[in-house]
Amino acid sequence: QVQLVESGGGLVQAGGSLRLSCVASGSIFSMNTMGWYRQAPGKERELVAHITYGSKTNYVDSVKGRFTISRDNAKNTVYLQMNSLKPEDTGMYYCNGDITDWYGSSWSDYWGQGTQVTVSS
């Protein structure tokens, strides 16, 4: 069993910052490339940023220069530092990625509860 718990969301004014955390726990054998996704009301879920095990990163154009994804492999934790937030960043944020448990099962289709980010103008 694997759990993903996202936290750190909240209500913030435009221009503000938030730091999201995603903690993976349970029978984790490997946690490779991980990503942060968001889903705005009425829209499909989109990939915001991802990070490899070796910390190579990639971002969607709309957040480049404002968001930073990082990870602590020893803690099975992935972070998303969000600066200069805009109202269009509003949405539910989820983490997800290439996780395999000790039984060899993939958890790539598993999603946590997410954390809500609301940016007011």
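Which strands form the open sheet of four strands, and in what order do they stand? In this predicted model, where local features need pLDDT of at least 70, side-chain atom pairs count only at pLDDT 80 or more, and totals for chains, interfaces and linings use all residues, the order is β1-β3-β8-β7, and the pairing is antiparallel. Residues are numbered from 1 along each chain as its sequence is written, and side-chain values use heavy atoms, with hydrogens and water left out.

Strands here are DSSP runs of E with at least two residues, while helices would be runs of H or I with at least four, and both are numbered from the N terminus; two strands are said to pair if DSSP finds at least two bridges between them. In the four-stranded sheet, β1 (2–7) and β7 (67–72) stand at the edges with a single partner strand each, so one side of each is left without a neighbour in the sheet. Neighbouring strands of this sheet are turned by 15° against each other on average, direction ignored, where the axes are lines fitted to C-alpha atoms (for helices over the stretch in contact) and angles run from 0 to 180 degrees between N-to-C directions. Strand β1 is joined to strand β3 (residues 18–26) by six bridges, and the two run antiparallel; within this pairing, Val5 has Val23 in β3 as its bridge partner.

A further open sheet has six strands in the order β2-β10-β9-β4-β5-β6, and its pairing is mixed. Its edge strands are β2 (10–13) and β6, each of which pairs on one side only, and the neighbouring strands of this sheet are turned by 25° against each other on average, direction ignored.

The nonpolar core comes next. Such a core is a set of buried Ala, Val, Leu, Ile, Met, Phe, Trp, Tyr and Cys residues joined through side-chain atoms within 4.5 Å, and buried means under 20% relative accessible area, with exposed over 50% and partly exposed in between (1.4 Å probe, protein chains only). The largest nonpolar core has 28 residues, and those with the most contacts inside it are Trp36, Leu80, Met82, Tyr93 and Ile99. The elements that give two or more residues to this core are β1, β3, β4, β5, β7, β8 (77–82), β9 and β10.

Tyr37 lies in strand β4 (residues 28–39) and Trp111 in the loop between β9 and β10, so the pair ties together parts that are 74 residues apart in sequence. Tyr37, Tyr94 and Trp111 form one aromatic cluster, in which Tyr94 is buried, at 12% relative accessible area, whereas Trp111 is partly exposed, at 29%.

Arg45 lies over the face of Tyr94, at 4.0 Å from the ring centre, and over the face of Trp111, at 4.1 Å from the ring centre; a charge sits over a ring if NZ of Lys or CZ of Arg is within 6 Å of the ring centre and within 35 degrees of the ring normal.

How values were computed: Rings of Phe, Tyr and Trp (its six-membered ring) pair if their centres lie within 6.5 Å; planes under 30 degrees apart count as stacked, over 60 as edge-to-face and the rest as tilted.
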